[in-house]
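Hello,

Here is the structure I promised to pass on. Please have a look, and my notes follow below.

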Amino acid sequence: GLDLIRDAQGDVLGVAAMEMETGEVMLLQAKATLFATGGGGRIFQANTNALINTGDGLGMAARAGIPLEDMEFWQFHPTGIHGVGVLISEAVRGEGGYLINKDGERFMERYAPNAKDLASRDVVARAMTLEIKEGRGCGDDNDHLLLKLDHLGADIIKSRLPGIRELAIKFAHADPIHDPIPVVPTAHYMMGGIPTNHYGQVVAPYKTGPEEVVTGFYAVGECACVSVHGANRLGTNSLLDLVVFGRAAANQIIEDLKINPHHKPLPADAAEKSLSRLARLENQKDGENVAQVTDALCKTMQTYCGVFRFEDTLLQGVEKIKAVAERVGRTEIKDKSRVFNTARIEALELDNMKEVAVATMFSAEARRESRGAHARDDFPERDDDNWLKHTLFFSDGHRLDYKPVRLKPLTVDSFPPKKRTY
């Protein structure tokens, strides 16, 4: 997918796409366009995400003028394999594995005396980050911690955690039957995304309404923000994102197509935006190297918008990500061939990563409180009086807007926000 096609009324009429195998650009006209394009965790240097998770659906939506919601909220999983990012599941700690620092201390007892290693992901990730920051990390560079499970015994590890053992041997060169696994907090899942209602319809502010339906456009899964996760996803709720809202979107599309059974005419300039992006890449001279700019983007996000956020680093981060975004607009590819040109695809993916990264950094800097996975050192408390609201970030002009949180469920009693304690 290259870009969304919208008409003068703002309705989505399909996408401009490029066939990766041949390089051919085509318009895919559609009465309904549904995105299930996944997350954008590759914007962080340490992440658990597949290489394909470059936020392509979010980039397409953002360039088409649709805001991205709650992009400051990213879940960092406590246990990604150090140096690789591959995920080691909570199942390990559920079976009785626990984290230790370089002194061999089971440090989670200090941070969450009751839940210990089974505290929620953001709490464990922040505790690990503090241990490393205060010099109690492991290894030559004191930059990771250890997940110990040898005490469980070979039989339990082989029968209940065979996949984890295989990952540890393959990626960390550590057999957990004998050795602890080196781990670090790793970007895992975004709570934000393309704003939708619970029918999977994409919604955006229009005139006086904060959530007006964008006709013809739907999103489900990690790329969407319903927002069922609020500021902090619970484990397995990504399945809910897909299964519940995937079905709801499918049902809604069936109903919508009964009302609008015909294609709307495509605008005359439907392919213009995509063709001009490709032409720029084709003709760029003395441009930036795609891999180097990608690396700069990921390092900027990791350093200035990671597990812990500080006022000075966020302010610096905003300026640095703006500078990186400018560099993205000057990228050059040496390989101009058409057939399976991965260099061109990586350059186009970087366009999308830029949209996700800029939205994240600006939204995080603006939210002056700590809530869920967004933890600010300068504003450690949650502030419901001023910040119980959803962020909407518009790519054009880097504009921020907000909309109210729905506090009344459809069928059950409301859950008033309260303080988390362990």
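Helix α1 (residues 56–63) is largely enclosed by the rest of the structure, because 7 of its 8 residues are buried. Here buried means under 20% relative accessible area, exposed means over 50%, and partly exposed is in between (1.4 Å probe, protein chains only). The buried residues of α1 are G57, L58, G59, M60, A61, A62 and R63. Just after α1, G65 takes a positive phi of about 90°. Helices (H or I, at least four residues) and strands (E, at least two) are DSSP runs, numbered from the N terminus.

Before you go further, please note that this is a predicted model: local features need pLDDT of at least 70, side-chain atom pairs count only at pLDDT 80 or more, and totals for chains, interfaces and linings use all residues. Residues are numbered from 1 along each chain as its sequence is written, and side-chain values use heavy atoms, with hydrogens and water left out.

Next, a helix pair. The axes of α9 (residues 290–304) and α10 (residues 311–328) come within 10 Å and cross at roughly 165°. That makes α9 roughly antiparallel to α10. The crossing of these two helices is left-handed. For the terms: axes are lines fitted to C-alpha atoms, for helices over the stretch in contact, and angles run from 0 to 180 degrees between N-to-C directions. Angles under 35 degrees count as roughly parallel, over 145 as roughly antiparallel, 65 to 115 as roughly perpendicular and the rest as oblique. Left-handed means that the near helix is turned anticlockwise from the far one by less than a right angle; right-handed means clockwise.

The backbone has some points to look at too. Most residues other than glycine have a negative phi, and most peptide bonds are trans. D286 is not a glycine, yet has a positive phi of about 50°. This residue sits in the loop between α8 (272–283) and β14 (288–289), and D286 counts as exposed at 77% relative accessibility. H398, also not a glycine, has a positive phi of about 50°; it lies in the loop between β18 (389–394) and β19 (399–404) and is partly exposed at 33%. A cis peptide bond, with omega about 0°, joins V226 and S227, and S227 belongs to the loop between β13 (224–225) and α7.

Now the charged pairs. The structure holds 36 salt bridges (a side-chain nitrogen of Lys or Arg within 4 Å of a carboxyl oxygen of Asp or Glu). One of them joins R330 and E288, whose closest N and O atoms are 3.4 Å apart. This pair links distant parts of the chain, 42 residues apart: R330 is in the loop between α10 and β16 (331–332), and E288 is in strand β14. R330 is partly exposed, with a relative accessible area of 37%, whereas E288 is buried at 19%. Another salt bridge brings together E365 and R368 (2.7 Å, N to O); E365 is buried at 15% and R368 is partly exposed at 34%. Salt bridges that share partners also join E72, R367, E369, R371, R382 and D384 into one network.

Best wishes
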